[in-house]
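Have a look at the sequence and the fold, and then we'll walk through the spots worth a second glance.

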Amino acid sequence: MSLIEVDEARNIILAKISPLGVEKVSINEALGRVLAEDVVSGVNNPPMDNSAMDGYALIAADIQTATPETPVALDVVDEIAAGYQSAGTLSTGQAMRIMTGAPIPRGADAVIMQEDTEKGGGRVFVKDRADVGENIREAGEDVRIGETVIPAGGPLTPAQIGMLAVVGRSTVYVGQRPRVAIISTGDEIMELDERPEGPCIYNSNGYMLMAQIRSAGGIPCYLGIARDNEQDVMDKFTTALKCDLVVSSGGVSVGDYDLVKASLDKLGNEMVFWKVAMKPGKPLAFGKIGDTPIFGLPGNPVSSFVSFEQFVRPAIKKCLGQKNPMPGTVNARLTRNIRKKAGRLHFLSAVVSWDNGEYTVTPAQEQGSGVLKSTVNANGLIVFPLPATEIAAGEQVAVQLLT
Ligand code: AMP
Ligand code: MG
């Protein structure tokens, strides 16, 4: 097994992953899906100059002397509600009552808001001056015909769904979601509805991985538990190859019953087994059988969790067509000293908060690879670089934010 750094392992993995196809979905189904097309507007928004206020459309030059003490009287010649247009043209000395969103009538060049007016006897008394263009939203101010309003390659946000509607799109092309098979391995692993007996533990990794896959945008396909014999492991992997990606947990280190490597060897080609220079999560199997990428993650729950975040989540994002599949980080100020030996990059479960205009981060006291509780309470992973041995409280560190 060769030793490899996290970034290098991730780069090798991503180079072997290709985006899946695209599919058309309703914009009601598109939230969080990765946009597979540049969305170009076929309309101007707003489609025409319109009023930003409830008030009166008028000619700015008519009311230059208007003050509360010396109001200017204008004849009100029409009323325009949103969704309607005035047939008339405004002349000097005239105003039209206008509502927010209604089109500016011909001849008008400003809108005075209702609060700066008083009405009486078919006239309006304007108590403030206005600049040309005041309270007018110009045609195309938000979006112009031919403009790219959302670029391909990111997960769609609520505001982007709103923009799709602005430009009249009811459907949109998004990346297909990969189906990701999950295989747990181990004679000691039992299903959740089994009665705890002897030295057995529940299949926590299987369910955690399903949730991670879902949160990354994949579709989990749970294949249950493979027992620690080659045939069972091979059978499960053979079934798993129907999916777009395969993730297993356990059986990849150097114990007598760590059979994932041998089973995969028998099934196909291109497997690599690495000791990744990271903690938790040193052993990692990665490869492809046919076109299907396979990730053999370590069995300790925190190792499985962290390895997924480093390697599988970016792979799923790449399958989805996401432009930047790398884990996102923020810089945060450490609240206490941390130490380790050089030679491996450590990921520390931690709590990030926003205090007085900056991120601060506190690592969990307990960082064992079997202590899932620390990760349960964490919202970030401190990236403690490979060569470093100590980082003092008060220094800035990179933190991956957990989703
Ligand atoms: P292994 O990599 O198979 O040697 O497993 C390492 C440790 O992780 C052992 O203590 C296993 O019991 C534990 N483990 C393996 N698979 C799971 C799982 N699916 N859920 C919870 N713990 C597991
Ligand atoms: Mg095992």
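## A starting question

Is asparagine 135 buried, partly exposed or exposed? Asparagine 135 turns out to be partly exposed, with a relative accessible area of 21%. Burial here means under 20%, so at 21% asparagine 135 doesn't count as buried. Keep in mind throughout that this is a predicted model.

As a bit of background, most residues other than glycine have a negative phi. You'll find asparagine 135 in the loop between β10 (123–126) and β11 (136–137).

Asparagine 356 also has a positive phi, near 45°, and it isn't a glycine either. Look for asparagine 356 in the loop that runs between β25 (345–355) and β26 (358–363). What is its relative accessible area? The value is 84%, and asparagine 356 is therefore classed as exposed.

## Two cis prolines

Most peptide bonds are trans. Going from asparagine 45 to proline 46, the peptide bond is cis, with omega near -5°. Proline 46 has its place in the loop between β3 (39–40) and β4 (50–51).

The second one joins lysine 279 to proline 280, again cis and again with omega near -5°. Proline 280 is in a loop too, between β20 (278–279) and β21 (283–289).

## Where the ligand sits

Now for ligand 1, which takes up the space of the largest pocket. The elements giving two or more residues to the shell around it are β14 (179–185), β16 (201–202) and α3 (204–216).

How many residues surround ligand 1? There are 16, and the closest are Glu188, Asn203, Gly251, Gly299 and Asn300.

## Backbone contacts to the ligand

Zoom in and you can pick out some contacts made by the backbone. Glycine 299 has a backbone N or O atom 3.1 Å from an oxygen atom of ligand 1. Asparagine 300 likewise places a backbone N or O atom 3.1 Å from an oxygen atom of ligand 1. Over at asparagine 205, a polar backbone atom lies 3.2 Å from a nitrogen atom of ligand 1.

How much of ligand 1 does the protein bury? Taken alone, ligand 1 exposes 480 Å², and the protein buries 78% of that.

Notes:
Residues are numbered from 1 along each chain as its sequence is written. Chains are lettered from A and ligands numbered from 1 in the order in which they are written. This is a predicted model: local features need pLDDT of at least 70, side-chain atom pairs count only at pLDDT 80 or more; totals for chains, interfaces and linings use all residues. Side-chain values use heavy atoms; hydrogens and water are left out. A residue is near a molecule or strand if one of its heavy atoms lies within 4 Å of it. A polar contact is a pair of N or O atoms within 3.5 Å; within protein, one must be able to donate a hydrogen and the other to accept it, and residues adjacent in sequence count only if both atoms are side-chain atoms. Accessible areas come from the Shrake-Rupley method with a 1.4 Å probe; for residues, only the protein chains shown count as cover. On a 1 Å grid over the protein atoms alone, a cavity is a set of points where a 1.4 Å probe fits but cannot get out, and a pocket is an open set with protein on both sides within 12 Å along at least five of seven lines; lining residues have an atom within 4 Å of a point. A molecule sits in a cavity or pocket if more than half of its atoms lie within 2 Å of its grid points. Helices (H or I, at least four residues) and strands (E, at least two) are DSSP runs, numbered from the N terminus. Buried means under 20% relative accessible area, exposed over 50%, partly exposed in between (1.4 Å probe, protein chains only).
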